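Here is a short tour for a first look. Keep the sequence and the structure side by side as you read.

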Amino acid sequence: MTAILEARNISKQFGGGLFQPPPLTALDNFTMKIETDPPTITAVVGESGSGKTTLAQILLGILPPTTGELLYEGKPLKSLSKREHRNFLRDVQMILQDPYESYNPFYRVDHILRMGIRRFGVAKSRAEEQKVLVDALEAVGLRPEETLGRYPHQLSGGQRQRVMVARALAVRPRVIIADEPVSMVDASLRATILDSLQTLARDYGVSVIYITHDLTTAYQIGDNVLVMYRGVVAEAGDAELIVPNPLHPYTQLLVGSIPRPDPRRPWMEEQQPSEIGRSADPDKGCKFANRCPHAMEMCLEVQPPAYQVDDHRVASCFLHREAAKSEATDLTDVFVTPKGHESSAAD
Ligand SMILES: Nc1ncnc2c1ncn2[C@@H]1O[C@H](COP(=O)(O)OP(=O)(O)O)[C@@H](O)[C@H]1O
Ligand SMILES: [Mg+2]
């Protein structure tokens with residue numbers, strides 16, 4: 001079956017033009033597929049600057065890649081007909097970090113939701129439109145009578161963020177890309193929003209790309225996780241394998257920096273780079289070498305490929321070269337199908 005979206009060997013560089021700083025590679029030879037049958041939640045994790053937003057914008061077709069291609073239903077974005085392009089715009093929706101910034105303060109919630117419904121001709125009548133709108137709000141745990149008719153500033157931060165999810169859902173997309181949707185809200189709201197993202201996948205058949213700098217929430221809702229470091233994939237695959245037992249030194253660092261209940265353990269057990277790693281040129285070889293406690297000579301010279309270390313994980317690290325079965329070209333080959341859907345993937 002054709003994936004709804006496919007990033008094929010995509011790289012994105014910024015700058016490097018005349019009178020500009022030297023080029024910066026925000027995304028480096030990135031390949032993955034997004035499937036919707038069954039719907040899955042993929043969590044993209046990495047610290048600030050790792051290329052997550054660049055990836056999101058490329059998948060949404062907002063940002064053109066420098067090299068490589070984005071395919072929608074098997075066709076390059078550039079070759080889509082007008083009608084296909086419209087389907088793409090409807091099928092792939094986004095949820096942003098700060099919903100307040102993206103709302104027009106003079107529009108009521110109804111209007112915000114109706115715009116998308118009308119733009120994509122989701123409803124055939126007024127009555128149907130109302131139903132789509134109410135369903136979308138209820139799907140994200142909002143009460144229509146408490147939300148409709150209000151202006152964005154009359155809602156709490158959590159309500160606003162859920163309206164964003166409802167707005168995306170109302171156009172009946174097949175993929176939702178959520179770029180740090182909970183980083184601006186407090187812990188109690190975080191749980192409800194993450195819940196509504198899970199509802200999208202479970203009950204509405206929408207595949208979710210959940211982007212975050214926080215490994216804890218990635219583990220909480222991701223079927224698969226994809227750990228990014230400076231534009232490259234450090235480790236990817238089954239969340240149940242990676243988070244409890246990370247193999248890449250960068251993932252180990254992320255896991256190590258999750259606050260633990262034991263007060264005797266320091267929050268950040270910052271690893272020290274190895275003697276060799278300290279001399280690493282950050283633009284050559286493994287991008288993590290200058291922070292890596294295990295860096296070896298070869299890490300300074302060659303960028304490690306994505307080694308498939310078992311059926312459901314890849315790790316781009318020479319430490320795992322011996323144990324690897326092969327080098328993976330498409331990360332998604334190792335991804336797991338969410339529980340309860342194992343058989344439908346083969347249909
Ligand atoms: N429009 C841009 N122009 C120049 N550099 C950019 C631009 N957008 C992002 N970058 C750079 O690309 C890298 C990745 O950024 P980004 O994708 O925003 O990462 P993240 O979302 O993981 O924080 C960063 O080093 C950032 O400074
Ligand atoms: Mg970002």
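## Ile 4 and its neighbours

Ile 4 touches Ile 34, Thr 36, Leu 71, Tyr 72, Glu 73, Asp 91, Arg 174 and Val 175, leaving aside residues up to four places away in sequence. Contact here means heavy atoms within 4.5 Å. Ile 4 sits in the segment before strand E1 (5–14). Helices (H or I, at least four residues) and strands (E, at least two) are DSSP runs, numbered from the N terminus.

Ile 4 counts as buried because its relative accessibility is 1%. Buried means under 20% relative accessible area, exposed over 50%, and partly exposed in between (1.4 Å probe, protein chains only). Leu 71 is 67 residues away along the chain, yet its C-alpha atom and that of Ile 4 are separated by 7.9 Å.

## About the model

This is a predicted model: local features need pLDDT of at least 70, side-chain atom pairs count only at pLDDT 80 or more, and totals for chains, interfaces and linings use all residues. Residues are numbered from 1 along each chain as its sequence is written, chains are lettered from A and ligands numbered from 1 in the order in which they are written, and side-chain values use heavy atoms, without hydrogens and water.

## Backbone exceptions

Most residues other than glycine have a negative phi, and most peptide bonds are trans. Glu 73 is not a glycine, but has a positive phi of about 45°. It lies in the loop between strand E4 (67–72) and strand E5 (75–76). Glu 180 also has a positive phi, near 50°. Its place is the loop between E7 and H8.

Is Glu 180 buried or exposed? It counts as buried, because its relative accessibility is 12%. Glu 73 is partly exposed, with a relative accessible area of 40%. A cis peptide bond joins Asp 37 and Pro 38, with omega about 0°. Pro 38 lies in the loop between strand E2 (24–34) and E3.

## Helix H8

The buried residues of H8 are Ile 193, Leu 194, Ser 196, Leu 197, Gln 198, Leu 200 and Ala 201. They pack against several elements, including strand E3 (41–45), helix H7 (157–170) and strand E8 (207–212). Just after H8, Gly 205 takes a positive phi of about 65°.

## Two domains

The protein chain is divided into domain 1 (5–222) and domain 2 (248–346). These bounds come from an automatic or database domain assignment. The C-alpha centres of domain 1 and domain 2 lie 27 Å apart. Their contact takes 16 residues from domain 1 and 19 residues from domain 2.
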